[in-house]
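I am keeping these entries as a record of what I looked up in this structure, one topic at a time.

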Amino acid sequence: MQLTQLARRSVLQVGGFIAVAAVLSGGASATAAPTAAPAAVAGSTQIDDLGPAVVQFSLMSSVTIGDTVYVGSRNVEPARIVAVDLPSGEVTAVTYLETGHSLQAMAVDPTGRYVYAGVLQNAAGTQPNLYRWDVTTPDEPAVAVGRIENRNVRAITVAPDGHVFAVGDGGPTPPPLWEYDPATGQVSNLGAPDPAATGARAVAATETTVFYGGGTLFGGGAARAGLYAYDRATGVSTNITPAEMQNDPSIRELAVFDDRLLVGSAASTEESKVAAMSLADHTSYSIATSIGKTAKKFAMIGDTVYFANEAGMMSYSPTSGAIGQVSFDGPSLGEIWGVSSARDKLVVTSAFGFVAEIDPVAGTSTVTDLVTAGAPASPQAAMGLAAGLGSVYVGGTGAIAHHNLADGSVDYLRAPGEAKDAISVNGMLITGQYSSQGIWRYDPSDGLPLRQVADFAGEQNRPQDVHWDDVNKLALVGVQSDTVGGGSLWTYDPDTGESNMFVNPIDAQQYVRAVATHDGAAYLGGGLQNTDGPGTVVALDPVNGQELWRIAPMPGAGISALAVQGDHLYGLTRKGGLFVVDLVQRTVLHTADVSSFSTGFAALVTNRGVVYGASEKNVFRFHPTTFAATDVVRDINGAWYSGAHITNDELGNLYTLQGRNLVRIDDQPIAVDIVAEARCLGSKAHLVVKAKNDEPQPISLTITTPYGEKVFASVAPGKNAMATFNTRAADVASGAVTVQATAATDGMETSNPAVFNAVTCG
């Protein structure tokens, strides 16, 4: 992300208000856990804590028992389940889990006594990831009952006899089917039904059979949708995948209703499918092509099946094969994480933080906002950042937090999916939205809400990096395709509204992980799902998609971040490598091991003439001549959901996370105190700039203003350089000056900005 500029009105819009904004603005209970102060470079770095970055009750699953909806949290720690009584609209119980950051998997046992849950975790280990909550005694906390050896539990179900079955991903082998026996307390590996699968996120069970849905979740490859029937008596798995689903990346959802198995697929290059399969004869099924790329969360009312796609509720008739959109009078549902039926109504849990009871016949609805109902909001791990003109935006799940730096207030824009990255240019916010949501725009000057302005092929689903091309006036978005592999470059022209997509600009395997630009060329950095390479950099014309040249600066490692300073392209790899490419000669100028500063997904930004980096642990910068890395803030330990971010504003302030809090960092590689003031001398305005050398060594200074430039070859420590510029005008608007500083000892150069206020003379 790069320099951002955004003038901003206080606004809560797109699909209605977000109740948690009141919590954050009022400061009630939505506070971050105390974190240790990070270590900074003495004397040259100031850190300001701006409070929790994104505060919500974010969710990822739900189940319903009678009039109570049990909702599993997302992207907060500790993970939690809340019980919401629908008639009263109140949260009646909350339980916290010992491990995990999100609950994607929840299920109810046949008696209605227990809610089972499986968590997503940041790392594999020996900690439990299966939990059970006895909801007949809700004041007693959920207890850990065991663990599957996959890092993430993606789906869970309970058979009629009370045995629990779970599937997931995040292991070294194809994902197995797991069984928990409540009588013995044992968790057993039943084998991997699909040897090609990279993940599984669907499971359903009867007295005799467990149905396993797998395929590709990430990384592309040969795995496709696989539906398997596991015979509980013999332990044999049989492939029963409908032929019509075999081109889809994965089976997304499974549910048993009466004598039928309902099957939903996740699609990429085609539309998703829905099937109703006979439990007695798996070759007997009806199937229909759906609308959108996802078919999940089944419920039945009468003979009609209801399910969610990526934007709303759908209806499906297994008899006729007809699929249609469910229309109702309520708000946009966004991403849906739970669907059930009660009293001929659909109970739908929205990622926007509410539960909607929908009458699909009458088209009416009742909405219960979870924070208003009493669900505990907490600081989330965050995603993209954009900053400028007194505002900082932080991407969360289902929302973008706007921090107003003038008064410290925080309000929220509702946004579908996740703002993985963003920029702000000339008062306009531009985001790349996961999953498959394209590019969104918010411009306070046009009076319109945050809205989608560019839509792209669904398989190009995960934006990674958003950058502004000031030459071509284009927003550039680097994207990965989770299920197909490869990636794309999206472009958007905010003046014309035109957009474009260039698929696999690096190759058919490498995601587009990083984007930078210089003199109208886009530079794309590639990587695979793991940390490996080849780590190719491609120079591309972003207007026509033509490749200009390519290079592999550090083969064997995927690229996580790029930035340009002068004629040098800086890059970080996920294995802790730094490379610098001479853009004129198109050669690798420098490489180094910087793993003590950064590994994994990092970010780079050019600020004050210096390239800065942020990893999940540290903030650092590189010398513009020697390329040596220096700590700026050590052990900042930002709580990022999918890789670190750092951005800056027009004053050269940096923004990132310390823990789950947003922080502003004022770092001066060369300490210069600058004051710029427009004054009246007679009837004309003059601009006076004073720059004090706060370094212990002599420096040279170049003061550049809209009204001229002055050079000071050597300014002694503690001394001032002062310059006065005649504007030759009676009235001067507010503006900015730049002071270029160069250290005599090591050649460090920085560009320090300062602003001045308007003045009227005469």
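**Second largest cavity.** I sorted the lining of the second largest cavity by class and got 2 nonpolar, 5 polar and 3 charged residues. The model I am reading is a predicted one, and every value I note here is computed from it. The residues that line the second largest cavity are Gln121, Ala124, Gly125, Gln127, Asn129, Arg147, Ile148, Glu149, Asn150 and Arg151. Its volume comes to about 40 Å³, and the count of cavities of 30 Å³ or more is 2.

**Second largest pocket.** I then turned to the second largest pocket, for which I noted a volume of about 1,000 Å³. The pocket is lined by 39 residues, and those closest to its centre are Val63, Met106, Ala107, Val108 and Ala255. By class, I find 24 nonpolar, 9 polar and 6 charged residues in the lining of this pocket.

Which strand gives the most to the lining of the second largest pocket? I found that β20 does, with 6 residues. The strands that each supply at least two residues of the lining are β4 (59–65), β8 (102–108), β12 (152–158), β16 (199–205), β20 (250–257), β24 (296–301), β28 (336–342) and β29 (345–350).

**Disulfide.** I searched the whole structure for disulfides and found 1. It is formed by cysteine 680 and cysteine 761, with their sulfur atoms 2.1 Å apart. The pair links distant parts of the chain, since cysteine 680 sits in strand β59 (residues 672–681) and cysteine 761 in the segment after β67 (759–760), 81 residues apart. As a reminder to myself, a disulfide is a covalent bond between the sulfur atoms of two cysteines.

I also looked up the handedness: the torsion about the S-S bond of cysteine 680 and cysteine 761 is about -90°, so this disulfide is left-handed.

**Leucine 524.** I located leucine 524 in strand β45 (residues 521–527). Its relative accessible area is 0%, so leucine 524 is classed as buried, the cut-off for that class being under 20%. Leaving out residues up to four places away in sequence, I listed the contacts of leucine 524 as Leu489, Pro505, Ile506, Val512, Ala514, Val515, Thr536, Val537, Val538, Leu540 and Leu562. I also noted the separation of leucine 524 from valine 367, which is 157 residues in sequence and 44 Å in space, C-alpha to C-alpha.

**Glutamine 697.** I placed glutamine 697 in the loop between β60 (684–693) and β61 (699–705). With which side chain does the side chain of glutamine 697 make a polar contact? I found that of threonine 745, at 2.4 Å. Apart from residues up to four places away in sequence, glutamine 697 touches Val715, Pro717, Ala743, Ala744 and Thr745.

**Cis peptide bonds.** I noted a cis peptide bond between glutamate 77 and proline 78, with omega at about 0°. Proline 78 lies in the loop between β5 (68–73) and β6 (80–85). I also recorded the peptide bond from glycine 533 to proline 534 as cis, with omega near 15°. Proline 534 is in the loop between β45 and β46 (537–540), and β45 is the strand where I had already placed leucine 524.

**Positive phi.** I looked up aspartate 344 and found phi near 60°, a positive value in a residue other than glycine. Aspartate 344 lies in the loop between β28 and β29, and both of those strands supply at least two residues to the lining of the second largest pocket. With a relative accessible area of 57%, aspartate 344 is exposed.

I found another positive phi at leucine 389, near 50°, again in a residue other than glycine. Leucine 389 is in the loop between β33 (385–388) and β34 (391–395).

Key. Residues numbered from 1 in each chain as written. Predicted model: local features only at pLDDT ≥ 70, side-chain atom pairs only at ≥ 80, totals over all residues. Heavy atoms only, no water. 1 Å grid on protein atoms, 1.4 Å probe; cavity = no way out; pocket = protein on both sides within 12 Å on 5 of 7 lines; lining within 4 Å. Points joined across faces, edges and corners; volume = space filled by probe spheres on them. Helix = DSSP H or I, 4+ residues; strand = E, 2+ residues; numbered from the N terminus. Nonpolar A, V, L, I, M, F, W, Y, C, P; charged D, E, K, R; others polar. Disulfide = S-S within 2.5 Å. Buried < 20%, exposed > 50% of the residue type's maximum accessible area, 1.4 Å probe, protein only. Contact = heavy atoms within 4.5 Å. Polar contact = N/O pair within 3.5 Å; in protein donor to acceptor, adjacent residues only side chain to side chain.
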